[in-house]
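This report describes selected local features of one protein chain. The sequence and the model are shown first.

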Amino acid sequence: MKHTNNITSTIQTSLAFFESELFNQVQMSGIFPDSKTFADAIARFPLEDILKKYNSAPINNENIIEFVEENFIIPKLNEILIETPSLDINKQIDALWQALRMPADQQLNSSLLALNKPYIVPGGRFREIYYWDSYFTALGLVESNQVALVESMLENFVDLQSRYGLIPNGNRSYYISRSQPPILGLLVELLLPYQDDKGAFLKKYITPIEVEYQFWMQGSASLSQGQYEHRRVVKMPDGSFLNRYWDDNETPRSESYKEDIELLDQSKPENPGEFYRNIRAACESGWDFSSRWLADAQSLASIRTTQIIPVDLNCLLYKQESLLADYYLATGDKAASASYQNYALSRKNAINRYMWSTEQGYFMDYDIGQQNQSAVYSLAGVLPLFVQLASSSQAEQIAVVIEDKFLQKGGLTTTAINSGQQWDAPNGWAPLHWFAVQGLLNYQQASLAQTIKSRWLNTVEVYFNKTGKLMEKYNVCQQSDKAEGGEYDVQEGFGWTNGVYKAFVQK
């Protein structure tokens, strides 16, 4: 198993357990409908002792349940239990913050990477902190006067980074081979206005932002003539650098073990390792799964994530370069500021060169293998507006495409394709609505921004009035219908929906 992270013996034991015959038997037996359940189980005894016990006597599928119950505590869904549910959605969100809040962790004999400070989990099957989710959750927390909680979440991420060399997908051992869209700089930017000593705050967090940037750019300096790809970095034909999603492992995901193996059996790829890496890389994107990553929009088996240079990832890295330029200037390091200004300018030019489609009037992902732009229209194309990389002319054309291809009565669809995957039509997601609305406002497209915001808020309210719940995602074409698609049932809670709703209402 290949890792480049700082792995402790405890994590090595956990990862070795995920490769054991016991783990394989339990997951493939299907006794847990969701593979994540057993991946999150807490061992009652040292894992080495449990494996010795398992290996000493044959365990068949008839007595495996008894063995599991004897040796593991099986986690339950993070059910949202509120003593007095409110009919007022804003009051309900305030109550949800308490229901979703986790205290500092105790180190358990499990896959959990213990965090030293309190944090918010999304809800449902997601019992741990998630990296990019937390930015959108934080948008609402600051509006709910919970700045200190956002600060503790930021500190948790920096602590994870110092321990493992990256900010993982979530605080689980099975997530440390990948990250998620880089939002550390956005969190710092969000919290900066609330700091009494802004200079000290920037000095504290500028290095972690740069460490994250170097994580994404690892290997760029060593790419020689004829070498164009290394992990998350791609050297383009003109010599510029862009980035893609990646995962350091080529194995089934522990949290989706049975699903991945069955999909492999169905697709029979030439290279199973690359197939698993592409599945995992899509999880790093946060868009797991979407037609953006598929050769055949109707077949998850055709996934090829590492062949796609995503417009949203590169816009977020442009934003990170721009913030580092600003923050180094503010802290007195003019040379570092100038370097990051140059990185940002180079990336901006590359995004425009390879991802702007004059014909479509929109930013499209770039396909490395085909050496042309993807044909998939997705809301990732609004990120150049959010990070203020686009020109005014481009913004006007993007607004037309948004209205023509994405706008529905309940908000924005994620792509223009109905594939059965959850990050496609007819589903809409809170974070993408935030990116779109804020991006349009950056370019004086206030009327369309207000329409999108109003329709999205109405979708959340219609479903809340019907069920009393806030959900992970929504069907924006049929507002009262439950969203479908993906590997698991739609979850309730839900951190980023609560956060974006609260931020939209307050602003």
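Predicted model: local features only at pLDDT ≥ 70, side-chain atom pairs only at ≥ 80, totals over all residues.

## Packing of α11 and α12

Helix α11 spans residues 257-267 and helix α12 spans residues 272-285. Their axes come within 11 Å and cross at roughly 130 degrees. This angle makes α11 oblique to α12, since an angle counts as roughly antiparallel when it is over 145 degrees and as roughly perpendicular from 65 to 115. The crossing of the two helices is right-handed.

On the α11 side, the contact is formed by Asp-260, Ile-261, Leu-263, Leu-264 and Ser-267. These residues meet Pro-272, Phe-275, Tyr-276 and Ile-279 of α12. By class, the contact of α11 with α12 consists of 7 nonpolar residues, 1 polar residue and 1 charged residue.

The loop between α11 and α12 holds Lys-268. Lys-268 is not a glycine, yet its phi is positive, at about 45 degrees. Its relative accessibility is 67%, so Lys-268 counts as exposed.

## Packing of α9 and α13

Helix α9 (residues 184-191) packs against helix α13 (residues 311-330) at an angle of about 50 degrees. The axes of α9 and α13 are 9 Å apart. The two helices are therefore oblique to each other, and α9 passes α13 in a left-handed crossing.

Gly-185, Leu-186, Val-188 and Glu-189 are the α9 residues in the contact. Their counterparts in α13 are Leu-316, Lys-319, Leu-323 and Tyr-327. The residues of this contact divide into 5 nonpolar, 1 polar and 2 charged.

## Packing of α18 and α19

Helix α18 covers residues 446-467, and helix α19 covers residues 495-506. The axes come within 11 Å and cross at roughly 130 degrees, which makes α18 oblique to α19. Here α18 passes α19 in a left-handed crossing.

From α18, the residues in contact are Lys-453, Trp-456, Leu-457, Val-460 and Glu-461. From α19, they are Thr-497, Val-500, Tyr-501, Phe-504 and Val-505. The contact of α18 with α19 has 7 nonpolar, 1 polar and 2 charged residues.

Gln-444 lies in the loop between α17 (430-442) and α18. Its phi is near 60 degrees, a positive value in a residue other than glycine. Gln-444 counts as exposed, because its relative accessibility is 67%.

β5 pairs with β6 (residues 233-235) in the antiparallel sense over 2 bridges. Val-233 in β6 is the bridge partner of His-230.

Another open sheet of 3 strands has the order β8-β11-β12, also with antiparallel pairing. β8 (308-309) and β12 stand at its edges; each has a single partner strand, so one side of each is left without a neighbour in the sheet. The antiparallel pairing of β11 and β12 runs over 2 bridges. Asp-367 has Asn-372 in β12 as its bridge partner.

## Cis peptide bonds

Asp-288 and Phe-289 are joined by a cis peptide bond, with omega of about 10 degrees. Phe-289 is located in the loop between α12 and β8.

The peptide bond from Ala-425 to Pro-426 is cis as well, and its omega is near 5 degrees. Pro-426 belongs to the loop between β14 (411-412) and β15 (427-428).

Gln-92 is part of helix α6 (residues 89-100). With a relative accessible area of 6%, Gln-92 is buried, because the cut-off for a buried residue is under 20%. Gln-92 and Gly-468 are 376 residues apart along the chain, and their C-alpha atoms are separated by 8.7 Å.

Gln-370 sits in the loop between β11 (366-367) and β12 (372-373). Its relative accessibility of 51% means that Gln-370 counts as exposed, because the cut-off is over 50%.

Terms used
Residues numbered from 1 in each chain as written. Heavy atoms only, no water. Pairing = 2+ DSSP bridges. Helix = DSSP H or I, 4+ residues; strand = E, 2+ residues; numbered from the N terminus. Buried < 20%, exposed > 50% of the residue type's maximum accessible area, 1.4 Å probe, protein only. Axes fitted to C-alpha atoms, helices over the stretch in contact; angles between N-to-C directions. Parallel < 35°, antiparallel > 145°, perpendicular 65-115°, else oblique. Left-handed = near helix turned anticlockwise from the far one by under 90°. Contact = heavy atoms within 4.5 Å. Nonpolar A, V, L, I, M, F, W, Y, C, P; charged D, E, K, R; others polar.
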